[in-house]
Amino acid sequence: MTRTEELLAAAAAAPGFMPADEGRALYEAARAVAVDGPLLEIGSWMGKSALYLAAAAAEAGRVVVTVDHHRGSEEHQPGWEYHQPELVDPATGLLDTLPSFRRTVHPAEDLVVAVVGRSEVLAPLWSSPPALLFLDGSHTEESARRDQDAWVGKLAVGGTLAVHDVFPDPADGGQAPFGVYTRVLASGDFTELPGTGSLRVLRRDR
Ligand SMILES: C[S@@+](CC[C@H](N)C(=O)[O-])C[C@H]1O[C@@H](n2cnc3c(N)ncnc32)[C@H](O)[C@@H]1O
């Protein structure tokens with residue numbers, strides 16, 4: 001088995017919400033990027049998508065940087081649809097996905113740099129244009145816009161923007177990522193590439 005095959009198999013087996021076909025599409029999008037730079041993810045959760053990105057990074061000699069405060073999004077909090085009580089740290093009473101994340105990305109520790117913090121705090125400090133930006137953080141209207149405003153302009157020209165949970169039909173899911181995708185496409189600076197499921201992929205042309 002090659003390193004990439006090992007990482008893809010680990011990603012497929014890892015805990016998380018990303019469907020296998022979308023994870024594979026994220027990997028394919030990352031390996032197809034033609035410009036230099038890191039692969040940057042907003043929203044690490046337990047590391048499943050970071051492993052898909054790491055599989056591409058291993059082939060291309062890139063690094064994955066993934067950002068999360070590891071306290072979960074709105075839908076992961078108590079009383080919400082995706083809450084998992086076993087993820088609550090008894091010492092703080094707060095959700096903590098960092099231990100699970102570390103376990104998941106263990107096979108790719110040489111390829112994945114984890115930033116523990118809020119994406120909006122990191123963004124003003126960040127100056128290295130990512131070759132690929134994967135937006136998968138909080139999905140409220142306000143936070144999705146904030147991540148768009150903070151990060152999309154940093155993407156390298158010729159680089160790839162991937163947006164997760166894009167649902168054109170409100171019956172299928174929240175509309176904030178769809179709004180990001182729609183606004184980015186309307187800017188005229190991006191060309192849409194083939195997507196898979198709720199994963200949309202765009203190339204920055206200028
Ligand atoms: C949908 S999950 C990410 C799933 C992951 N990309 C995967 O597919 O395996 C969203 C993540 O965004 C994180 N998040 C929410 N708001 C954030 C913020 N302002 N800064 C950093 N991370 C944030 C949450 O903690 C959560 O882990």
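Colleague: Which residues line the largest cavity?

Modeller: The coordinates come from a predicted model. The structure holds one cavity of 30 Å³ or more. Its lining is made up of L135, D136, G137, S138, H139, A144, D147, Q148, V163, H164, P177 and V180.

Colleague: What is the volume of the largest cavity?

Modeller: By class, the lining of the largest cavity has five nonpolar, five polar and two charged residues. The space that these residues line has a volume of about 90 Å³.

Colleague: Which element gives the most residues to the lining of the largest cavity?

Modeller: Two elements, α6 and α7, each give two or more residues to the lining of the largest cavity. With three residues, the element that gives the most is α6.

Colleague: At what angle do α6 and α7 cross?

Modeller: The crossing of these two helices is right-handed. Their axes come within 8 Å, and the crossing angle is roughly 35°.

Colleague: How many charged residues take part in the contact of α6 with α7?

Modeller: From α6, the residues E141, A144, R145 and Q148 meet A176, V180, R183 and V184 of α7. Sorted by class, the residues of this contact comprise four nonpolar and one polar, and the number of charged residues is three.

Colleague: Which residues are closest to the centre of the largest pocket?

Modeller: The largest pocket contains about 980 Å³ of space. Its lining has 44 residues, and those closest to the centre are S73, E75, H76, G137 and H139.

Colleague: Which element gives the most to the lining of the largest pocket?

Modeller: The lining of the largest pocket comprises twelve nonpolar, 20 polar and twelve charged residues. Two or more residues of that lining come from each of α3, β2 (64-68), α5 (119-122), α6 (141-151) and α7 (176-186). The element that gives the most, with three residues, is α6.

Colleague: Are α2 and α3 roughly parallel or roughly antiparallel to each other?

Modeller: Helix α2 covers residues 20-31, and its axis lies 8 Å from that of α3, at an angle of about 30°. Angles under 35 degrees count as roughly parallel. The two helices are therefore roughly parallel.

Colleague: How many nonpolar residues are there in the contact of α2 with α3?

Modeller: The two helices pass in a right-handed crossing. On the α2 side the contact involves A20, G23, R24, L26, Y27, A30 and R31, which meet S49, Y52, L53, A55, A56 and E59 in α3. Besides two polar and three charged residues, the number of nonpolar residues in this contact is eight.

Colleague: How far apart are the axes of α3 and α4?

Modeller: Helix α3 spans residues 48-60 and helix α4 spans residues 98-105. They pack at an angle of about 25°, and the distance between their axes is 9 Å.

Colleague: Why is α3 described as roughly parallel to α4?

Modeller: The angle between α3 and α4 is about 25°. Because angles under 35 degrees count as roughly parallel, the description of α3 relative to α4 is roughly parallel.

Colleague: Which residues of α4 meet α3?

Modeller: The crossing of α3 with α4 is right-handed. On the α3 side, K48, A50 and L51 take part, and their partners in α4 are F101, T104 and V105.

Note on methods
Residues are numbered from 1 along each chain as its sequence is written. This is a predicted model: local features need pLDDT of at least 70, side-chain atom pairs count only at pLDDT 80 or more; totals for chains, interfaces and linings use all residues. Side-chain values use heavy atoms; hydrogens and water are left out. Axes are lines fitted to C-alpha atoms, for helices over the stretch in contact, and angles run from 0 to 180 degrees between N-to-C directions. Helices (H or I, at least four residues) and strands (E, at least two) are DSSP runs, numbered from the N terminus. Angles under 35 degrees count as roughly parallel, over 145 as roughly antiparallel, 65 to 115 as roughly perpendicular and the rest as oblique. A crossing is left-handed if the near helix is turned anticlockwise from the far one by less than a right angle, and right-handed if clockwise. Contact means heavy atoms within 4.5 Å. On a 1 Å grid over the protein atoms alone, a cavity is a set of points where a 1.4 Å probe fits but cannot get out, and a pocket is an open set with protein on both sides within 12 Å along at least five of seven lines; lining residues have an atom within 4 Å of a point. Grid points are joined across faces, edges and corners, and a volume is the space filled by probe spheres set on the points. Ala, Val, Leu, Ile, Met, Phe, Trp, Tyr, Cys and Pro count as nonpolar, Asp, Glu, Lys and Arg as charged, and the others, Gly among them, as polar.
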